[in-house]
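Please consult the sequence and the coordinates below while reading.

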Amino acid sequence: MKEALEDKDQSVLSNRLLDEEAANPHRILVHMCCGPCSIYPLKSILGSMADVWGFFYNPNIHPRSEFLKRLAAVRTLAGYLSINVIIHEEYRPLPFIQHLKASTGALKHPPKESRCGYCYSLRLEETAKTAVSRGFDAFSSSLLYSKYQNHDDIKKLGIDLGKKYGMPFYYEDFRAGWHEGINESRGKGLYRQKYCGCIYSRIERYSKKKESGKLPSST
Ligand code: SF4
C-alpha cells in the first residue's frame with residue numbers, strides 16, 4: 001500500500017483512502033497528457049480498484065498533426081487498459097499563444113517559468129470542471145508522472161482547483177514509475193513524442209538539436 005499523504009485536506013485523496021473505500025469505488029477522471037505518460041498513473045490508480053476514466057484535453061499541442069498522433073496513442077492505451085476516455089477534441093493553440101503574449105508583455109518566446117503554469121491550469125481546470133459536470137468523485141493528471149514538469153506546482157494547483165470546484169484532487173507521486181512507464185510504452189509501440197507539446201517546447205527541442213549538430217543548419 002502506498003503511503004498516505006500527510007495533507008489532511010479533504011480536497012486531496014490518497015491511495016490509502018481509495019483502498020479503504022474499495023467496496024464503493026470512486027469514479028476518477030484522470031487527465032491524460034499523452035499515452036506514454038499516462039500508462040503508469042492509470043495502472044497505479046486501477047490497482048486501487050477505482051473506476052478510472054481518462055480525459056484528453058490538450059488544446060495547445062503544436063502542430064495539429066502532433067495533436068492527432070498523441071490523441072491516437074491515448075485511444076490505443078485506453079483500449080489496452082479497457083478504460084473509458086472522454087475525448088475533448090478542441091484544438092486551439094492560438095488563444096494559448098495570445099494569452100501568453102498579453103501576459104508576458106508580448107515576449108516572442110515566453111520561457112517555461114512564465115508559460116507552464118498557465119498551461120497546467122488550462123488543462124487541470126477543464127478536468128476538474130468535467131469531473132463535476134459528469135458526476136465523478138475525484139480528478140487527477142498524468143502530468144504528475146513527468147520528471148520534466150514542475151511537480152510541486154501541479155500538486156498545488158490540483159489541490160487549489162479541488163477546493164474551488166469541490167472536487168477532490170487525487171495526488172500520487174507517479175514519478176516513482178518513470179522507468180516502468182517508459183519501458184511499457186516502448187514495449188507496446190505507443191507513439192512517443194519528442195517534445196513537451198506547445199510550439200515553444202517544439203522550437204526549444206529543435207534548436208537544441210541544431211546546436212548539437214544533429215540537424216542541418218537550414219532546419
Ligand atoms: S513546455 Fe509543456 S507544460 Fe510548458 S507550456 Fe509548453 S506544453 Fe505546456
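Phe-67 is buried, because 20 other C-beta atoms lie within 10 Å of its own; a residue counts as buried with 20 or more such atoms, as exposed with 12 or fewer and as partly exposed in between, C-beta atoms being placed from the backbone. Phe-67 belongs to helix α3. Helices (H or I, at least four residues) and strands (E, at least two) are DSSP runs numbered from the N terminus. Leaving aside neighbours within four places in sequence, Phe-67 is in contact with Ile-61 and Tyr-91, a contact being a pair of C-beta atoms, placed from the backbone, within 7 Å. Its C-alpha atom is separated by 8.3 Å from that of Gly-197, 130 residues away along the chain.

The model is predicted: local features need pLDDT of at least 70 and side-chain atom pairs count only at pLDDT 80 or more, whereas totals for chains, interfaces and linings use all residues. Residues are numbered from 1 along each chain as its sequence is written.

**Confidence.** The average pLDDT, the predictor's confidence in each residue from 0 to 100, is 86 for the protein, and 83% of the residues score at least 70.

| Stretch | pLDDT | Contacts beyond near neighbours in sequence |
|---|---|---|
| Residues 16-24 | below 50 | 10 contacts |
| Residues 215-219 | below 50 | six contacts |

Where pLDDT is low, the predicted coordinates should not be read in detail.

**Overall organisation.** The protein has eight helices and six strands, which follow the pattern β-α-β-α-β-α-β-α-α-β-α-β-α-α along the sequence. Of its 219 residues, 39% are buried. Among contacts between residues at least 6 apart in sequence, 75% join residues at least 24 apart.

Strand β3 is mostly covered, with five of its six residues buried. It pairs in the parallel sense with β2 (residues 27-31) over five bridges, and in the parallel sense with β4 over four bridges; pairing requires at least two DSSP bridges between two strands. His-31 has Phe-55 of β3 as its bridge partner, while Gly-54 is bridged to Val-85 in β4.

The largest nonpolar core has 50 residues, of which Ile-28, Leu-29, Val-30, Phe-55, Val-74 and Phe-139 touch the most other members. Such a core is a set of buried Ala, Val, Leu, Ile, Met, Phe, Trp, Tyr and Cys residues joined through C-beta atoms within 7 Å. Apart from neighbours within four places in sequence, Val-74 contacts Met-32, Cys-34, Gly-35, Ser-38, Gly-54, Phe-56 and Val-85.

**Backbone at the loops.** Pro-63 is found in the loop between β3 (51-56) and α3 (64-81), and the peptide bond from His-62 to Pro-63 is cis, with omega near -10 degrees. Ser-82, in the loop between α3 and β4 (84-87), has phi near 55 degrees, a positive value in a residue other than glycine. Ser-82 counts as exposed because it has 7 C-beta neighbours inside 10 Å.

Conventions
Two residues are in contact if their C-beta atoms, placed from the backbone, lie within 7 Å.
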